[in-house]
Amino acid sequence: MSRLSGFAQIESQDLSGSAAQWRHRLGQALFGDRYGVVLFLGTLTLLATYWRVGVFITDSYAIANGLVNVADGHLAITRMEYSITLGSQPGLWYADGAVYARNYTHIFLSLPVYWLLEALTVLFDLRLVLVAAWSGLLVLLFDRVGRLTNRHRSIATTGAVFALLAFLASTLVAAPLPDRWTAFLALQVTTMAAVAFTAVVLYRVLAHAHGRRVGLLFGAAAGVASPIGFWASLPKRHALSALAVVAVLGAFYFSRAADTRRRVLGLRALAYAVVALFAWLHALEALVVFAVLIPIDLATARSNHPKHLAVVGVVFLVALSPFLATNAAINDNPFQPPRSLEGYSGQVDPLAIDGGQNGGDGTATPTPTPTATDTPTRNGTGTTSETPPENATRGSTAPESPDSDSAPGPIALLLAAMTAILAVVVEGSTWAFGKAWSYVDPGLTLAQEEPERLYRIFVRSGRIPEYVDYHMTDHEAVDLALLEVAPLLGALLGVVGASLRNLQSISADGLRTALDRPTRQTDLLVVAMVGALALMNVERLPRHTQITARYLAPVVPLLLYGVARLNCVHRVLRTDSRLIASAYLATLVTGGLGFLAANLLLGLALGEAMQLHALVNLASAGLLAGWAFVAGAGVDLDERVGVVSLAVPAALSTLFLLFTGLIYFQYADYALPLVETLVELLPISV
């Protein structure tokens with residue numbers, strides 16, 4: 001018996017050790033290291049503080065209804081859980097007598113969260129579930145920080161006490177939250193997690209290239225000091241698009257920096273797998289990224305052996321299967337996504353949906369200001385047909401079979417199959433490049449013919465009735481330019497200064513040697529992706545209800561990567577960490593008090609408050625641009641000037657997220673009732 005018990009104990013230890021090993025591998029794959037875990041938890045905790053449970057843009061109705069119906073087992077919308085009629089839900093598509101949603105990647109990613117919330121609401125009130133989850137995040141965050149700083153007991157205890165007090169206080173002021181919001185909550189949790197993972201991926205790339213401090217600071221900036229954070233708790237695709245683009249960046253960089261062939265090949269295949277899954281979310285953006293990735297990958301890869309390319313191709317096709325299967329199930333064409341279908345305009349009687357019984361409380365959920373839609377048009381400025389050529393869709397015709405008297409051998413069959421596959425790949429790639437160019441080319445034309453429009457998109461918004469329909473935003477100028485919501489990007493002017501400094505030392509051999517480095521190869525990919533994604537979207541901008549030029553959200557983390565790559569920037573960030581933290585916190589406090597005083601004393605309207613942030617952010621971007629240009633040109637400046645120049649726009653960006661999330665856009669109740677109670681104490685009404 002003692003021997004049997006000994007064997008059982010050894011087996012139990014082996015199982016526990018194996019589980020711990022797999023858990024460690026999973027954590028390393030997702031977060032990289034313990035700092036990545038802290039960054040993820042911290043970003044998620046802060047994003048949840050201004051999380052509201054409601055509809056900000058009416059397009060969200062269609063996606064939420066799509067999630068409910070997918071959970072019921074079908075892609076078509078046959079049950080109306082949100083809104084009273086189909087007509088109030090832009091973003092719906094019609095095919096073969098049925099109505100469909102879009103962004104099925106978002107829907108399927110949110111499905112496990114939806115099922116979990118549905119299960120928890122059977123036992124607990126939904127509001128308490130949210131409060132308990134946020135309190136749990138606080139406990140985990142303080143626990144991880146305590147372990148990193150070797151002060152685990154004191155910090156973890158403080159975090160547990162604070163989380164418990166927050167939970168108890170929230171239960172005292174919490175009002176019940178209807179269970180019907182579970183689909184919206186699931187979609188919001190997914191987008192917040194996407195933003196947190198975007199921060200983690202950017203951290204891992206920059207930490208490997210320039211050290212942990214640079215990686216942490218710019219990873220945090222991507223989550224809580226950039227416009228991506230504005231869309232974190234809103235069920236739109238923009239957060240997921242940003243994550244997809246950064247994941248391609250990370251996989252490409254580490255495939256160049258890896259030290260083993262197997263790891264190089266795996267990461268290279270991962271980059272294409274992400275693009276394939278990206279197509280499931282937004283086919284046009286993925287197509288442009290795909291067209292950019294292929295030539296740069298082939299030109300900079302360590303090896304383009306046919307076996308390696310075959311592995312990458314197989315992985316890509318497998319990852320593309322959800323996209324193809326969803327499209328085929330909807331309209332029998334695997335290459336035509338829902339966005340390219342006929343938009344819903346009354347082809348189906350709304351009363352036929354769900355037998356005339358709508359879900360929810362039988363009334364439409366009120367929409368916020370702005371109430372405009374984001375339904376793309378089909379007249380050249382929005383989504384057009386994405387169907388590939390007929391031959392690319394159906395495949396190439398196989399070679400004729402030889403006579404039965406001379407049956408081909410296995411080698412001949414293999415060669416024939418490879419020839420057919422190669423023909424399809426070449427034809428499909430040709431179509432892909434042509435299609436991608438058709439969406440980029442108008443942007444080039446616009447850049448030449450309408451420079452003022454580019455200025456309004458990237459630098460200064462103001463009131464521009466020639467481009468924006470203010471009727472859609474209650475005549476408030478709430479749509480800001482990219483630099484106005486991401487002033488850290490002003491540092492990119494340092495590229496000009498560095499270029500002028502190194503202009504005389506550039507040579508062909510030096511350029512060739514530089515491009516052999518993983519960072520330089522990744523820089524090339526980033527420049528190409530930013531240019532392509534920006535050009536494909538500028539034709540639709542400026543536009544109402546953009547708020548933060550949200551169509552450009554995928555390029556923001558790429559541009560932050562570019563800022564971090566500047567020598568003057570990562571050299572300054574290696575200085576005293578206390579100085580960096582002090583400058584950021586001081587700006588956060590003084591800037592927060594300044595914006596509060598301006599809103600309180602001047603009684604600003606929504607558009608005026610947004611434009612105040614825009615002007616202040618532009619001023620900080622100008623100061624940062626001036627420092628970056630001078631420092632990039634090689635002028636020796638005090639490092640404290642650089643620290644302040646970077647900390648001020650970062651803090652102002654965080655304040656923009658907090659003020660827009662907590663004060664300006666009052667469209668729904670907060671997920672955390674304690675936050676709502678505290679905000680109501682502020683004597684501000686915007």
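The structure is a predicted model, in which local features need pLDDT of at least 70 and side-chain atom pairs count only at pLDDT 80 or more, while totals for chains, interfaces and linings use all residues. Residues are numbered from 1 along each chain as its sequence is written, and side-chain values use heavy atoms, with hydrogens and water left out.

Of the 686 residues, 51% are buried, a term for a relative accessible area under 20%, with exposed meaning over 50% and partly exposed the range in between (1.4 Å probe, protein chains only). Contact denotes heavy atoms within 4.5 Å. Among contacts between residues at least 6 apart in sequence, 81% join residues at least 24 apart.

Two packed helices are described by the angle between their axes and the distance between the axes. Axes are lines fitted to C-alpha atoms, for helices over the stretch in contact, and angles between N-to-C directions run from 0 to 180 degrees. Helix H3 (residues 59-71) and helix H7 (residues 182-210) cross at roughly 105°, their axes coming within 9 Å. H3 and H7 are therefore roughly perpendicular to each other (65 to 115 degrees; under 35 counts as roughly parallel, over 145 as roughly antiparallel and the rest as oblique). From H3, the contact involves Ser60, Tyr61, Ile63, Ala64, Leu67 and Val68, and from H7, Ala183, Phe184, Ala186 and Leu187. These residues comprise 9 nonpolar, 1 polar and no charged, where Ala, Val, Leu, Ile, Met, Phe, Trp, Tyr, Cys and Pro count as nonpolar, Asp, Glu, Lys and Arg as charged, and the others, Gly among them, as polar.

A second pair is formed by helix H8 (residues 212-224) and helix H20 (residues 555-564), which pack at an angle of about 150° with axes 10 Å apart. H8 and H20 are therefore roughly antiparallel. Val214, Phe218, Ala221 and Ala222 of H8 meet Leu560, Val563 and Ala564 of H20. This contact has 7 nonpolar residues, and neither polar nor charged ones.

Leu270 lies in helix H10 (residues 261-281) and is partly exposed, with a relative accessible area of 41%. Leu270 and Ala319 are separated by 49 residues in sequence and by 9.4 Å in space, C-alpha to C-alpha.

Definitions and conventions:
Helix = DSSP H or I, 4+ residues; strand = E, 2+ residues; numbered from the N terminus.
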